Amino acid sequence: MSDEVLRVALDLDGSLESLGNSMTELATALEDTGRCRLVRFHSASRPDPESARLMLRPLWAPWWRYGLGPAVDRLLAPVDVVHVAGLATPPTKAVPLVVSVDDLRPLRGETKRYVRISQLRRAVGSGAVLVASTRRASREVQEVLGVDSSRVAVVPPAVPTIAEVVDGGDVVVNVTGLVEPLIRLLPDLDRFARARAARVVVIASASLIQRVKSLGLNVTTRTRREAREALRDARVVLHLSDGARFPSFAIAALSAGVPTLARATSINRELLSGAAVLVDDDGEVLAALEDLWGNEPRRALLTAAGRDRAGDFAPAVAANAYVALYRDVARDFR
């Protein structure tokens, strides 16, 4: 390992959030530290001009889904650490592998995607270090995979800082992993917004957008690619999540000074308590939303607390935490 600059291979086919590719955000922040020299690569898609080309990548990609195939570090320029966060966990030969586990849904029975469990177990068995985004997520990863706590680090992903929202007028609803709770809430949200000459804007997957449109309500829909644009006009954000992913959109809203309401999942309690309004039951959403809409002292308090909390998850913070982790795993691997 270099004494001065750590050489890191970073897979850009990684964690996709509603605000974009968090691995791309992390790559930029890592370079800004001046403590890393990055080798960007794509494990599943075509490389861009700034990324390394992996020989016969289309042939190896299906094998890497199972943690099999050729060692990826042998296909790259010399590096000290390889970091992946997507569906591929390619083996390494001479350097350690770091695997970010940002989505817990594949580890939960309802998804039936047990390949992820066996994939991650194989990676840990070969010496990989897993990275969870929260302490609660770390415990779940340990329990599901049956791995020791020493094999699971905790580092939040890089959440981009969003420009301050001034005079926003929309109720922006970000949906992650939930369908029926949203469908039940939408008529009430629509009436709430109409009474205030406002809009409900739902950010969701393409399939959920189609279902929302079929309801015939006065609701605007946005794809995840349009999430940043939707946030620019938000007066209040409602983050509806099943608790399986890091709440990047909610934290981005806090950084923009937008009062935020979220379900009280264990991950949201860990990350958002004191900075956002958390509800234990969907029946509490309308009352909480009304307070967030018109209670100016409450809004001012949450805006200040939210911006302070969002600073804990800025890209520079994530990058410094990852540099420290890379150095630890590279040192321990030797």
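The legends below describe close-up views of strands in a predicted model. Local features rest on pLDDT of at least 70 and side-chain atom pairs on pLDDT 80 or more, whereas totals for chains, interfaces and linings use all residues. Residues are numbered from 1 along each chain as its sequence is written, and side-chain values use heavy atoms, with hydrogens and water left out.

**View 1. An open sheet of 6 strands with parallel pairing.** The strand order is S11-S10-S9-S12-S13-S14. Strand S11 (219–222) and strand S14 (277–279) are the edge strands, each pairing on one side only. From one strand to the next, the twist averages 20°. Strands are DSSP runs of E with at least two residues, numbered from the N terminus; two strands pair if DSSP finds at least two bridges between them.

**View 2. The pairing of S10 with S11.** Strand S10 (residues 199–203) and S11 are parallel and share 4 bridges. Val 200 lies opposite Val 219 of S11.

**View 3. The buried strand S6.** Because 5 of the 5 residues of strand S6 (residues 97–101) are buried, the strand is largely enclosed by the rest of the structure. Buried means under 20% relative accessible area, with a 1.4 Å probe and protein chains only. Leu 97, Val 99 and Val 101 point one way, while Val 98 and Ser 100 point the other way. In a regular strand the side chains alternate between the two faces of the sheet.

**View 4. The partners of S6, strands S5 and S7.** Strand S5 (residues 81–84) pairs with S6 in the parallel sense over 3 bridges, and Val 82 has Leu 97 as its bridge partner. Strand S7 (residues 129–132) runs parallel to S6 and is joined to it by 4 bridges. Here Ser 100 stands opposite Val 131.

Conventions: Axes are lines fitted to C-alpha atoms, for helices over the stretch in contact, and angles run from 0 to 180 degrees between N-to-C directions. Buried means under 20% relative accessible area, exposed over 50%, partly exposed in between (1.4 Å probe, protein chains only).
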